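I opened this notebook page to record what I looked up in one protein chain. The entries follow the order in which I checked things.

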Amino acid sequence: MAQEELTQEEGKKKKGGLLKWIIIVVLLAALGVGGWFGYKMFFAAPEEDTAAQQDAAGDPGKPAEQLEGQIVALPTFLVNLADPLGRRYLKLGVEVEVRDADAQAALTKYEAKIKDTLLLLLSSKTYEGLSTMQAKVELKQEIADRLNQIIGNGGILRVYITEMVIQ
């Protein structure tokens, strides 16, 4: 009888040890998958659609990131934000990378349209709408889109925010 109890305890220990290892493997797998997902969501650079890059760049052979252009400074913008009490303002310095000399000449030619468009765009923003990093990236894209509408032909490659003060 003592012999049977001894073998039953050994069997329970073996089952308990095996169960412990299965739980450890499952937990490690879950942590690995969770870590990979977290990296992809929060740390990895977003993958861009190559067709969108080609449309923006205008050159099907090169994505926009590979095109090099000239940097042109736009005037500093100072606008009231669209907050309820109107007590906040935005000071924004912007430089744009243009594709070629034609795009640079168009920036000078359409300076009044560019100022008007960007002043209206910036003054429509709120403090909350500009406070996150994602909002700033979206603002850069909106500026590039508006400038490309004015000068045409995808002349603006990138927008760089050189100064940003919100008070």
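**Entry 1. Fold.** I note that the model is predicted. On those terms I read the pattern along the sequence as α-α-β-β-β-α-α-α-α-β. The count I logged is six helices and four strands.

**Entry 2. Whole-chain figures.** I looked up burial next, and 25% of the 167 residues are buried. Of the contacts between residues at least 6 apart in sequence, 70% join residues at least 24 apart.

Entry 3. I checked the UniProt record, an unreviewed entry, which places a "transmembrane region" at residues 21–39. In the model this stretch is 100% helix and 0% strand. I noted 27 Å between the C-alpha atoms at its two ends.

Entry 4. W36, F37, Y39, M41, F42 and F43 make a patch of about 830 Å². I took F37 as one member to look at, and found it in helix 1, which covers residues 2–42. F37 has a relative accessible area of 49%, so I logged F37 as partly exposed.

**Entry 5. Nonpolar core.** Which residues touch the most other members of the largest nonpolar core? I found V96, L107, I143 and I156, in a core of 26 residues. Elements giving two or more residues to this core are strand 2 (77–80), strand 3 (89–98), helix 3 (101–109), helix 4 (111–123), helix 6 (133–151) and strand 4 (156–166). Helix 6 gives the largest share, six residues.

Not counting residues up to four places away in sequence, V96 touches Q70, I71, V72, L74, L107, L147, I156, R158 and V159.

**Entry 6. L121.** I located L121 in helix 4. Its relative accessible area is 2%, so L121 is buried. With neighbours within four places in sequence left aside, L121 is in contact with L139, E142, I143 and R146. I also took the C-alpha to C-alpha distance from L121 to V79, which is 9.9 Å across 42 residues of sequence.

**Entry 7. E97.** Is E97 buried or exposed? I read 4% relative accessibility, so E97 counts as buried. E97 sits in strand 3. From E97 to V72, 25 residues apart along the chain, I read 6.2 Å between C-alpha atoms.

**Entry 8. Salt bridges.** I searched the whole structure and the search gave five salt bridges. I wrote up three of them below. As background, side chains of opposite charge can pair when their charged atoms come close.

- D83 and R88: the closest N and O atoms are 3.8 Å apart. The cut-off for a salt bridge is 4 Å, so I kept this pair. D83 counts as buried at 13% relative accessibility, whereas R88 counts as partly exposed at 33%.
- K115 and E111: I read 3.3 Å from N to O in this salt bridge. Both residues lie in helix 4, and because they are four residues apart, about one helical turn separates them. K115 is partly exposed at 33% relative accessible area, and E111 is partly exposed at 37%.
- E142 and K125: the N to O distance in this salt bridge is 2.7 Å. E142 lies in helix 6 and K125 in the loop between helix 4 and helix 5 (127–130), so the pair ties together parts that are 17 residues apart in sequence. E142 counts as partly exposed at 26% relative accessibility, and K125 counts as buried at 15%.

**Entry 9. Cross-check.** I went back to E142, which pairs with K125, and found E142 again among the contacts of L121.

Definitions and conventions:
Residues numbered from 1 in each chain as written. Predicted model: local features only at pLDDT ≥ 70, side-chain atom pairs only at ≥ 80, totals over all residues. Heavy atoms only, no water. UniProt positions renumbered as here; feature names shortened; annotations may be inferred. Buried < 20%, exposed > 50% of the residue type's maximum accessible area, 1.4 Å probe, protein only. Contact = heavy atoms within 4.5 Å. Core = buried A, V, L, I, M, F, W, Y, C linked by side-chain atoms within 4.5 Å. Patch = residues over 30% accessible without salt bridge, like charges linked within 9 Å, V, L, I, M, F, W, Y side chains within 5 Å. Areas by Shrake-Rupley, 256 points an atom, 1.4 Å probe, with all protein chains shown as cover. Salt bridge = Lys/Arg side-chain N within 4 Å of Asp/Glu carboxyl O.
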